[in-house]
Amino acid sequence: MDSELAEVRALEAEIAALRPACEEPPAPRGDAASVQKSFPEIYQSDSEGWESSKDLRSNRGHLESELLFLSTLTGISIRNYSKKTENLTSPEMAEKSIKKVLQRHRLSGTCHMISFQLEFQILEIQNKENLSSVITDLNIIMEPTTTYSELKEFVSRAEERRDLFMFFRSLHFFMEWCDYRKRTFKHFKEKYPEAVHLPEGASASYMRVQSTSQPGFELVIVWRIQTDEEGTVLPKLDLLTKVPHQALELDKKGVVETAAVGFRALLSVLGIEAALESLLSVLCTEHGGQSPQ
């Protein structure tokens, strides 16, 4: 029964880690303590009071179903989880009915094509009136980060803040945007194969568009995925131009100079895919390039 109880508690911990990716954006920093406290509360709540192996098996089945649902919904899959507990209660604290416990958690998993490993510590202090919990240390290892360079800043911020829930929530939306960017780049490469070039593959953060009729005329679509201070994930697209010097001299209206501003205006009106389609269709048809398939 002890082994079954341990497995059920491990499932609870995995579910607790996945739930943040399905919730609303994080609360203001003033509520950070209550957010951090919810992990051990979820971990301990349901398993207390079970008296038989039958109860454990029943709840284990329920937890496995919930874990599968959350993994499917978020794209995050927890592979391994372990926990060690150290009692830091001193004799003086025990006399005052104060309990101090340090939990060391380790878990690993995947989110789409990214693997991650987490090590974090939760310090719990309980007295007769309340229980306080705080994450005292958080270390995150992500692989591979070379493909998704934007991850580095985001991971560093989560570690600095020791914000475990922000990490899972932001990771989910970050990878969703990465997947959307990859599919969009692949779509335009297939539709305009002669004009669109992906030097570093569809997973990279930029796409080159070269005119097939005007040598030297090139556009670079830079599509970054940024995470702000509160963990909100947003796309940021920019347009860079490469135009022969002779063409710049003939551009009396400054079309090339204002191209980036015009592209951002187009994005705000049409959205990402429609703006890119509008840009590519003009470049590939007006200048005698290939027609859309």
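I take a contact to mean heavy atoms within 4.5 Å. This is a predicted model, in which local features need pLDDT of at least 70 and side-chain atom pairs count only at pLDDT 80 or more, while totals for chains, interfaces and linings use all residues. Residues are numbered from 1 along each chain as its sequence is written, and side-chain values use heavy atoms, with hydrogens and water left out.

**Entry 1, overview.** I looked up the secondary structure and found 9 helices and 8 strands, where helices (H or I, at least four residues) and strands (E, at least two) are DSSP runs numbered from the N terminus. Of the 293 residues, 40% are buried; buried stands for under 20% relative accessible area, exposed for over 50%, and partly exposed for what lies in between, with a 1.4 Å probe and protein chains only. Among contacts with a separation of 6 or more, 58% join residues 24 or more positions apart.

**Entry 2, the sheet.** I then traced an open sheet of 4 strands, which has the order β1-β2-β3-β4 and antiparallel pairing; two strands count as paired if DSSP finds at least two bridges between them. The strands β1 (76–87) and β4 (131–143) stand at the edges with a single partner strand each, so one side of each has no neighbour in the sheet. On average, neighbouring strands of this sheet are turned by 15 degrees against each other, direction ignored. Strand β3 (residues 114–126) pairs with β4 in the antiparallel sense over 12 bridges, and Phe116 stands opposite Met142 in β4.

I picked Thr110, which lies in strand β2, and listed its contacts, leaving out residues up to four places away in sequence: Gly75, Ile76, Ser77, Arg79, Ser115 and Phe116. Thr110 and Arg79 are 31 residues apart in sequence, yet their C-alpha atoms are 7.6 Å apart in space.

In α5, the buried residues are Leu151, Phe154, Val155, Arg157, Ala158 and Arg161. They lie on the same side of α5, because they cover an arc of only 160 degrees around the axis, an arc taken from the directions from the helix axis to the C-beta atoms. On the face turned away from this buried side, α5 carries the exposed residues Lys152, Glu153 and Glu160.

Most residues other than glycine have a negative phi. I noted that Ser97, although not a glycine, has a positive phi of about 60 degrees; Ser97 lies in the loop between α4 (91–95) and β2 (99–111) and is partly exposed, with a relative accessible area of 35%. Just after α5, Arg162 takes a positive phi of about 55 degrees, in the loop between α5 (151–161) and α6 (164–191), and Arg162 is partly exposed at 33% relative accessible area.

Notes. Axes fitted to C-alpha atoms, helices over the stretch in contact; angles between N-to-C directions.
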